[in-house]
Amino acid sequence: MVSQFEKMKAQRGEISKKLVGTMARAARNSSPIVEGYHANPRALDALVSTECSDLAKKIQDCSHGARCQSPYCRRCRPMFVNTVRNQMLKNLKSDDAVFEAQTGKTANIEDTNYSNFMNNKLVHVSGYVGLFSINAGLVKSGIKCDRHRWKKIKERKTNRPFWIAGNYELELVNFKLLLHTTNEDNAKKQKQIRQIYDYSKQQGWIVWHEDAALLLHWHGISNASKDTLTEVIGSDYYMDGTKLYNMHESGLFVQKFHLDKPFKKNLDKISSYGIKNATRYKHSFIGSDAGDELMLKQELSDLVSTYDEVQGRNWRSLMLSHTIG
Ligand SMILES: [Zn+2]
């Protein structure tokens, strides 16, 4: 017979999980959240309220002669998206040549045959680097580490050439609440975040006892098949020797292009995918209303400031473009 004590022991984990969640929620409810309807006023409000008026002024005074280049600027975000799109188009040239050789037609993005060819040929790929304490220096070291990984991949001999192009993105994740909240919708994300968190701690990227951290990852397109990615990348994107939950065999997240949409539309969508001007958490960690949780002023201010410190001129430090083989 199971004693009352044994039952309590079994419940202990659940109870402590709930308690941490309740305490974290109470702490959040007493902190100011961002104001304003759109991303831009919210970012400005957050910056001004947290003694980052210089950056707020830079974004507010953005002009033709002095672009602020913030993803939270109405004028600069489309330019950032365009820069990523152009980088993707540049890589497409080798595939254009294949299309022209196969069909005898000129590569033209408006052409249906070309559109179908590219939609079938390319894949949308995403990769996780790790979780970082909110600090530009740490995030920069993470990007450096990821670039080094690609350098090593390039150095290995392969007869399966491919290219990949996209950009790095920073996503604010309240991992403490996520890990302590029992929510069916979050189960998958929770499992992934646990793996990434443990790995990032080992790497020395999570250095404080904060609630939120930056999830450094990238989104891009590639002309590699899934088999090619598996063979060439091997286990380089595994964390601590283990493939991340819910990922493709290559350790990356690989999606097909939408075959029912024109290639041009798919390209536009993916090139802006990794350039969000988020002011809410993508995954709600407090309730079950996914995407409804606004960031605290301090959190949004930290996110906007970290982008400003990390991205480099013309977002150069956030660009990802590699040719393998
Ligand atoms: Zn601007």
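How many bridges pair β2 with β5, and in which sense, parallel or antiparallel? The two strands pair in the antiparallel sense over six bridges; strands count as paired if DSSP finds at least two bridges between them. Within this pairing, Trp163 stands opposite Thr323 in β5.

The model is predicted: local features need pLDDT of at least 70, side-chain atom pairs count only at pLDDT 80 or more, and totals for chains, interfaces and linings use all residues. Residues are numbered from 1 along each chain as its sequence is written.

The chain has 11 helices and five strands. Helices (H or I, at least four residues) and strands (E, at least two) are DSSP runs, numbered from the N terminus. Of the 325 residues in the chain, 36% are buried. A residue is buried if 20 or more other C-beta atoms lie within 10 Å of its own, exposed if 12 or fewer, and partly exposed in between, with C-beta atoms placed from the backbone. Two residues are in contact if their C-beta atoms, placed in that way, lie within 7 Å. Among contacts between residues at least 6 apart in sequence, 74% join residues at least 24 apart.

The strands come next. Strands of a sheet pair through backbone hydrogen bonds, either parallel or antiparallel. Here five strands form an open sheet in the order β4-β1-β3-β2-β5, and the pairing is antiparallel. The edge strands, each pairing on one side only, are β4 (253-256) and β5 (319-324). On average, neighbouring strands of this sheet are turned by 25° against each other, direction ignored.

Strand β3 (residues 213-222) has 10 of its 10 residues buried, so the rest of the structure largely encloses this strand. Nine bridges join β3 to strand β1 (residues 123-132), and the two run antiparallel. On that side, His124 has Ile221 of β3 as its bridge partner, and Val123 stands opposite Ser222 in β3. Strand β2 (residues 162-173) is joined to β3 by 10 bridges, again antiparallel. Two of the residue pairs here are Val173 opposite Ala213 in β3 and Glu171 opposite Leu215 in β3. β2 is itself mostly covered, with 10 of its 12 residues buried.

Helix α8 (residues 187-203) lies across β1 and β2 and runs at about 55° to β1. α11 packs on the sheet, where this helix touches β2 and β3, and its direction makes about 150° with that of β2. Axes are lines fitted to C-alpha atoms, for helices over the stretch in contact, and angles run from 0 to 180 degrees between N-to-C directions.

Which residues of helix α3 (residues 53-60) are buried? They are Leu55, Ala56 and Ile59. These residues cover an arc of only 105° around the axis, which puts them on the same side of α3; the arc is that of the directions from the helix axis to the C-beta atoms. An α-helix has 3.6 residues a turn, so residues three or four places apart point the same way. The buried residues of α3 pack against α2 (39-49) and α11 (297-310).

The axes of α2 and α3 come within 7 Å and cross at roughly 150°. The two helices are therefore roughly antiparallel to each other; angles under 35 degrees count as roughly parallel, over 145 as roughly antiparallel, 65 to 115 as roughly perpendicular and the rest as oblique. On the α2 side the contact is made by Ala43, Leu44, Leu47 and Val48, and on the α3 side by Ser53, Leu55, Ala56, Ile59 and Gln60. By class, this contact has seven nonpolar, two polar and no charged residues. Ala, Val, Leu, Ile, Met, Phe, Trp, Tyr, Cys and Pro count as nonpolar, Asp, Glu, Lys and Arg as charged, and the others, Gly among them, as polar.

Two loop residues complete the account. Ser70 lies in the loop between α3 and α4 (76-103) and is buried, with 25 other C-beta atoms within 10 Å. Not counting residues up to four places away in sequence, Ser70 touches Ile59, Cys76, Val304, Tyr307 and Asp308. Ser70 and Asn314 are 244 residues apart in sequence and 10.0 Å apart in space, C-alpha to C-alpha.

Leu244 is in the loop between α9 (226-233) and β4. Leu244 counts as buried because it has 20 C-beta neighbours inside 10 Å. With residues up to four places away in sequence left out, Leu244 touches Tyr128, Gln192, Gln195, Met239 and Gly251.
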